[in-house]
Amino acid sequence: MGESALGRLSMVAAMACAGAAVWLMGGRHTGARRARLLLAGGGTVATGSPAWGRAIGELRRIRARLGAEWWALAAGLVPAVLGASVLPLVAGAVAVPLLRRTRLARDARRVRERRAAAVIALCGALAGEVRAGRQPGEALLRAARDSDGLGEAQAAVLAAARFGGDVPGSLATAARQPGAEGLRGLAACWRVAVDRGAGLAAGLDRLEGALRAERDQRADLRAQLAGARATAVMLAGLPALGLLLGTAMGAEPLRVLLHTGAGLGCLVVGGVLEGVGLWWSLRIVRRAEAA
């Protein structure tokens, strides 16, 4: 490896160390260290100048506002410096919205799962309150007090239950939220119990069992597909490993790929094939989950 490559590598290492220091400046260990100093000195701990404190607070707000997808810029900066080309940095910038979309989809799935679990817990709690001898409206108020399964429509459902309104209609409206589809079954049980005098607790037990079985089935399918998803991601990372090995051997693959016509052609074709292969593999996994 030549002196120029060593110089670029040293520059990248310095930039990475500086970024890590800034990122960790407002990290989780600050509170523990401050508490230890406070307990040791028995008084107030000085935290520095107000300007320094404002800077740390601003860094914390920036870190909370930025998602993990912005690390794609840092990942593109390293080969950009090593290969003396702006193309990796541009690729990292292009990857930011794609990774952001993936992160938002993952967050939305977690919200749906938490809401579905809350609906199951609501059905079980409501069945217990009804068995305890309470009227359906009062039982719903007690069961939904500490539950977020109703989501944004919780106030309307509780108001309908408290003042004798249209509880099934409010539940059906709340069921439009992602993950809260089980509330449609709760609304149906409510109608049958109120209109025909059927047992509400028995219907809620069956509904809770069906929702729990559906959730367990989804979790089992996701666990079975986790291996295929991990394999696709691992295969997608093999070209980066090849570049690292070539750089370590002194072959300078980044110079060939970024500064020669044949290398640029191979880079474009390989990147397209890599993206299409990863998209197709993950699409197969998603279709299997949806089925």
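From the N terminus on, the elements of the chain run α-α-α-α-α-α-α-α-α-α-α-α-α. The model is predicted. Its secondary structure comes to 13 helices and zero strands. The chain has 291 residues, and 26% of them are buried. Contacts across the sequence were also counted. Among contacts with a separation of 6 or more, 57% join residues 24 or more positions apart.

Helix α6 spans residues 136-144, and helix α7 spans residues 154-163. The two pack at an angle of about 150 degrees. Their axes lie 8 Å apart. The angle makes α6 roughly antiparallel to α7, because angles over 145 degrees fall in that class. The crossing of α6 and α7 is left-handed. On the α6 side, the contact is made by Gly137, Leu140, Leu141 and Ala144. On the α7 side, Gln154, Val157, Leu158, Ala161 and Arg162 take part. By class, the contact of α6 with α7 has six nonpolar residues, two polar ones and one charged one.

Ser170 touches Val157, along with Ala156 and Ala160, when residues up to four places away in sequence are not counted. Ser170 belongs to helix α8, which covers residues 167-174. The relative accessibility of Ser170 is 16%. Ser170 therefore counts as buried, since the cut-off for that class is under 20%.

Ala125 gives another case. This residue is found in helix α5, residues 87-131. Its relative accessibility is 32%, so Ala125 counts as partly exposed. Ala125 and Ala139 are 14 residues apart in sequence. In space, the distance between Ala125 and Ala139 is 8.6 Å, C-alpha to C-alpha.

The structure holds zero disulfides. A disulfide needs the two sulfur atoms within 2.5 Å. Two cysteines were also compared by accessibility. Cys123 has 0% relative accessibility and therefore counts as buried. Cys266, at 54% relative accessibility, counts as exposed. The cut-off for the exposed class is over 50%.

Terms used:
Residues numbered from 1 in each chain as written. Predicted model: local features only at pLDDT ≥ 70, side-chain atom pairs only at ≥ 80, totals over all residues. Heavy atoms only, no water. Buried < 20%, exposed > 50% of the residue type's maximum accessible area, 1.4 Å probe, protein only. Axes fitted to C-alpha atoms, helices over the stretch in contact; angles between N-to-C directions. Helix = DSSP H or I, 4+ residues; strand = E, 2+ residues; numbered from the N terminus. Parallel < 35°, antiparallel > 145°, perpendicular 65-115°, else oblique. Left-handed = near helix turned anticlockwise from the far one by under 90°. Contact = heavy atoms within 4.5 Å. Nonpolar A, V, L, I, M, F, W, Y, C, P; charged D, E, K, R; others polar.
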